[in-house]
Amino acid sequence: MIFQERILKIMSLIEKEGIILNVNLVKILKASEATVRRDLDYLEKENKIRRVRGGAVLAKTVKEEIGIDLKEGKETQAKKKIARLASKFIDEGDSIYLDAGTTTNELIEHLKDKKIKVVTNGLMHLEKLMKYDIETYLLGGKVKRKTKAIVGIKAIEDLDDFSFNKAFMGANGVDELNGYTTHDMEEALVKKKAMKKASKVYVLVDNTKFGISYFSNIAKLDEATIITDKKNINEKILKLTEVIND
């Protein structure tokens, strides 16, 4: 069982039971005690679990995830502005990663006259990408009904076949302590991998996403440039990363 599979399995067990013992994880994962300890160390650093004697417990509760259908139409003007700003950083001939999400979907309108390649895990993006005859590669994997995002081990493995000039990512929360966060660990792991494959990363977030932290960490603030419509940015965030809002 590879690292990502073990992490997802551990979180599934802890979410279900509330607590898990190291000795049981060794048996369930068919892994060594040392491997289990390293996996739990990783999850504790990511603020997903809290280590206790002989095992681990869930660190915090997952917030309810909003489906893509409910997100559409919300903060529309903000998303359009962010998309216009982001489009200035896409050059002819670029190979880009386009993360699933409503704000990144708005960006496609600005790609129709550019000769570029797009890799995406967003099913909602396909209709527009095909409409504008943009060369597109879709990751394989499990489809999340709520967000129309492709996630899972297959999507993570597929990313090994690509490298990007730029990645344009979404996030559900941005704060100085936890960085960029989202609801779901499976989506977070795909986002993490896509960001590592890009030379330059931009996170597209509207003003409602700031000062909020969700269950799954994507990256630290300094691992990406923020593009937003928000004007009054927390000074602590400005010290940690570049923010483009004009």
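**Close-up views of a predicted model**

**View A. Asp-133 is an exposed residue, with a relative accessible area of 70%.** The model shown here and in the following views is predicted. Asp-133 counts as exposed because its relative accessible area of 70% is over 50%. The residue belongs to the loop that links helix 7 (126-131) and strand 6 (135-138).

View B. Lys-148 is partly exposed, its relative accessible area being 29%.

**View C. Three strands form an open sheet in the order 1-3-2, with antiparallel pairing.** Strand 1 (19-21) and strand 2 (49-52) are the edge strands, each pairing on one side only. On average, neighbouring strands of this sheet are turned by 25° against each other, direction ignored.

**View D. Strand 2 pairs with strand 3 (residues 55-58) in the antiparallel sense.** Four bridges join the two strands. Within this pairing, Arg-50 has Val-57 of strand 3 as its bridge partner.

**View E. Helix 1 (residues 3-17) lies across strand 1, strand 2 and strand 3.** The helix runs at about 70° to strand 3. Helix 2 (residues 22-29) likewise lies across strand 1, strand 2 and strand 3. For helix 2, the angle is given relative to strand 1, and is about 75°.

Notes: Residues numbered from 1 in each chain as written. Predicted model: local features only at pLDDT ≥ 70, side-chain atom pairs only at ≥ 80, totals over all residues. Heavy atoms only, no water. Pairing = 2+ DSSP bridges. Axes fitted to C-alpha atoms, helices over the stretch in contact; angles between N-to-C directions. Contact = heavy atoms within 4.5 Å. Buried < 20%, exposed > 50% of the residue type's maximum accessible area, 1.4 Å probe, protein only.
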